[in-house]
Amino acid sequence: MRHRSLPGVRGRVRPLTLLGDPVLRAPGAEVTAFGPELAALVEDMFATMYAARGVGLAAHQVGEPLRVFVFDCEDDEGVRHLGHLVNPRLVARDGVSVRGPEGCLSLPGLEAATPRYDRTVLEGRTVTGEPLRVEGTGWFARCLQHEYDHLGGELYVDRVRGWRHRRVMRQAARAGWADR
Ligand SMILES: [Zn+2]
């Protein structure tokens, strides 16, 4: 029987892009080639996500503005969701909007209460080009919406309003990496 290795073990940990890096604001390009280069990118993204102890990572965060993200995230029932999505499109986003604590590997150490829908459905492709539908609720739905936003050049802080927004941006400025 062939041993199927865990995602990321063959990947290279890449430097993370941080708030202020223009790549994070670039609209992600659709992936057109489902070959070894894409597979290697996804492996690197898993390795980078695990090294940073994240639950999701978009290609923008390793410097590639492409429509790809990876995740290893639990929902509110404790069910683990591990996977990736290429060229996802938002099929549904509904349920109640819940404000919950959210952070991002591109704004290390920071967190802000961010409104997200309780349920999300995305449809895209796997790394080999197979169609894939991913549905999430609770914390996992939050994770999917967060990563999906990255692909459009958006960050969670864009969805935070009022004093919460001012506070997190002030903290980012103090953190020293925001102006890089
Ligand atoms: Zn993020």
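Which residues does Val42 touch, not counting residues up to four places away in sequence?

Guide: Happy to! Leaving out residues up to four places away in sequence, Val42 touches Val68, Val70, His84 and Val127 (a contact puts two C-beta atoms, placed from the backbone, within 7 Å). Do keep in mind that this is a predicted model, where local features need pLDDT of at least 70, side-chain atom pairs count only at pLDDT 80 or more, and totals for chains, interfaces and linings use all residues. Numbering starts from 1 along each chain as its sequence is written.

Val42 also belongs to the largest nonpolar core, which has 40 residues (buried Ala, Val, Leu, Ile, Met, Phe, Trp, Tyr and Cys joined through C-beta atoms within 7 Å; buried means 20 or more other C-beta atoms within 10 Å). Val42, Met45, Leu57, Ala59, Val68, Phe69 and Val70 touch the most other members. At least two core residues come from each of α1 (36–51), β1 (56–58), β2 (68–74), β3 (80–102), β4 (112–125), α2 (138–151) and α3 (162–175) (DSSP runs: helices, H or I, at least four residues; strands, E, at least two; numbered from the N terminus).

Phe69 leads us on to His150: apart from neighbours within four places in sequence, His150 is in contact with Ala58, His60, Gln61 and Phe69. His150 sits in helix α2 and is buried, with 24 other C-beta atoms within 10 Å.

Stepping back, the protein chain has 3 helices and 5 strands, in the order α-β-β-β-β-β-α-α. Of its 180 residues, 39% count as buried. Among contacts with a separation of 6 or more, 66% link residues 24 or more positions apart.

Definitions and conventions. A residue is buried if 20 or more other C-beta atoms lie within 10 Å of its own, exposed if 12 or fewer, and partly exposed in between; C-beta atoms are placed from the backbone.
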